[in-house]
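Try each task before reading its solution.

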Amino acid sequence: MTKEDFPGWHGTTIIAVRKDGQVVIAGDGQVSLGQTVIKGTARKVRRLSPGGQDVIAGFAGSTADAFTLLERLEKKLEATPGQLARASVELAKDWRTDKYLQKLEAMLIVSDGTELLVITGAGDVLEPEHDVTAIGSGGNYALAAGRAMMDGDLDAETIARRAMAIAADICVYTNGNLTVETISQ
């Protein structure tokens, strides 16, 4: 059997919003295999505490691949305490150059409350321009909704929750069962 013989894994929307000294990362809980929802309560947003520092992370893509990347990120953070950007760049370098890691299919959004970054397998470490970023199958819907709400009086968590609700209404691979983590500067 080849990879083409299996239906594609789809799912997840992760959004991060930075506003008024807070960063919120929210993710849905749906995991789909082909056209079937196989789990609705997955936790795709996690709090990491390597070496006593506090970081939140959300992932889209293969769960096992994402956990591998989160473990590697924790090791990078332990080696470079308090330097999320440096640890993220080191992870992205490894991800891009290591033959084993190159096969991993996931993306990460990470924040320590000050920095907000998207890490990809293409070697990218990106900081969003408008204090909102999103990844996953419903990421573009959540991103558009989040950006539309940024100029109002809503706080970061409310924006994230409302943007996720909009994405869940549009994207069949996203549900309304949220995991939300908040971190302050």
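Strands here are DSSP runs of E with at least two residues, numbered from the N terminus. Please keep in mind that this is a predicted model.

**Exercise 1.** Find where D131 lies, and decide how exposed D131 is.

Solution. Start with the strands: D131 lies in the loop between β10 (125-126) and β11 (132-136). Next, look at the backbone: phi of D131 is positive, about 65°, although D131 is not a glycine. Finally, take the accessibility: buried means under 20% and exposed over 50%. D131 has 27% relative accessibility, so D131 counts as partly exposed.

**Exercise 2.** Describe the pairing of strand β8 (residues 106-111) and how well β8 is covered.

Solution. Begin with β7 (residues 55-61): β7 and β8 run antiparallel and are joined by 6 bridges. In this pairing, G61 stands opposite A106 of β8. Then turn to β9 (residues 116-119), which pairs with β8 in the antiparallel sense over 4 bridges. Here L108 has I119 as its bridge partner. β8 and β9 form a hairpin with 4 residues between them, and G113 in the turn has a positive phi of about 100°. As for cover, 5 of the 6 residues of β8 are buried, so by the cut-off of under 20% the strand is mostly covered.

Terms used
Residues numbered from 1 in each chain as written. Predicted model: local features only at pLDDT ≥ 70, side-chain atom pairs only at ≥ 80, totals over all residues. Heavy atoms only, no water. Buried < 20%, exposed > 50% of the residue type's maximum accessible area, 1.4 Å probe, protein only. Pairing = 2+ DSSP bridges.
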